[in-house]
Amino acid sequence: MIDELGRVTIIAVGCCKYQHMRRLTGPAQDIDNLRQILVEDEDLSLFSPRQYIEKIDITSNELRAVINDYVYDRGAENDILLFYFSGHGAPIGSNDFAFCTIDTKPVEGEQFILPMTAVKFTDILSTLWLKKVTPVFIIDACYSGAAGGSLKIALNRLVDDLKGEIQRNYAGSYALLCSAPTDEEVLDNPDGDGGFFSYSITKTAQMGIRRINKRNPFVSIEQVYPELLHLAEQSAYSPNPTLFMGTTLPTFSIFKNIHFRPLEYRLQPHLVAVLRVLWNNGNLQTLTPGQIADQTGKKGAYGNHNKLSLAPWKLVEDVPGSRPKQRRLSERGIEFMSGNLGVPRDVVFDQDTNDYVERPGSEFVTVRDFA
């Protein structure tokens, strides 16, 4: 999981000071909120500032350059790009969506624009696909759901051109979270919280997911979507957000789960009873799990002596090659039962190391503490 997070780059774009279209106030706050939950808040953020690129009030050529530089200069093959946009959006024809930058020129109001003054969704998509970058789009703009239609058409064309199962699996690795369906506008918010959609993402990160598994340390973009719908329904807000997800997209985590409670274990008397049986007053015993259960009288969850092998305890080990499996005290276990070794009373699972570590603040205990 840590390796996957390290392959993520975030490009966040907010456009407010339009030259030819109605100016907006919400995107500036949207970008501030996004930056906080993705890279600044230690309690929420999964990504580092070096993975984050922010662009405010840029032109269409500048946006193209940002995407081209990311793909070309970084050697971004097989990476993951989280592309966020807050600003005006517009459909182009029946099959595409345009990110409206500050120099975008409208025709017949703001619903129709000169295509070459904006950046097409399919242009970004096809550029990323050249390096097999997995795209995750979050779009807070009017008509943003139109990107989903263009995505499906582009995918069909891509799959027709690709050969082999690996390439076809890649074509299904994408996510697109939109603030609106194809034909609906999104209201600007001049009150300082940013747009309802983007603010709802921030609120979801800060308040946590309802009924989420507390053993899961991260929140995926797929888990965020139902919460956004729930907040929209609670507030009687329209339009509702839309999510498009590819069938082969791996789980993409977007921020930490504030309700996460890691597994932790305490060295308790029923575990020390296992150590005493194997110690056998200094006459060491090698026993099968069934024999250990019989001699301690501990069965089921309380008889799970495998915990005694967790780091940083490592007090019991399997006998290599034994059939059936047999268990014995490790060298550390012998030192502990001899009264020469202290161990932390509590261990906790660490997602970074994918192993158990001493719980911060845990006291150290010896066998004499269990007399």
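Predicted model: local features only at pLDDT ≥ 70, side-chain atom pairs only at ≥ 80, totals over all residues.
## Ground rules

Local features need pLDDT of at least 70, side-chain atom pairs count only at pLDDT 80 or more, and totals for chains, interfaces and linings use all residues. Residues are numbered from 1 along each chain as its sequence is written, and side-chain values use heavy atoms, without hydrogens or water.

Helices (H or I, at least four residues) and strands (E, at least two) are DSSP runs, numbered from the N terminus. Two strands pair if DSSP finds at least two bridges between them.

Strand β18 (residues 346-350) pairs with β19 over 4 bridges, in the antiparallel sense. Phe 349 has Tyr 356 in β19 as its bridge partner.

## Strands β10 and β12

Strand β10 (residues 175-178) also pairs antiparallel with β12, over 4 bridges. Here Ala 175 has Met 245 in β12 as its bridge partner.

Helix α9 (residues 269-279) and helix α10 (residues 289-296) have axes that come within 10 Å and cross at roughly 105°. So α9 is roughly perpendicular to α10 (65 to 115 degrees). Axes are lines fitted to C-alpha atoms, for helices over the stretch in contact, and angles run from 0 to 180 degrees between N-to-C directions.

Which residues of α9 meet α10? They are Ala 273, Val 274, Val 277 and Leu 278, which meet Ile 292, Gln 295 and Thr 296 in α10. Contact means heavy atoms within 4.5 Å.

Notes: Parallel < 35°, antiparallel > 145°, perpendicular 65-115°, else oblique.
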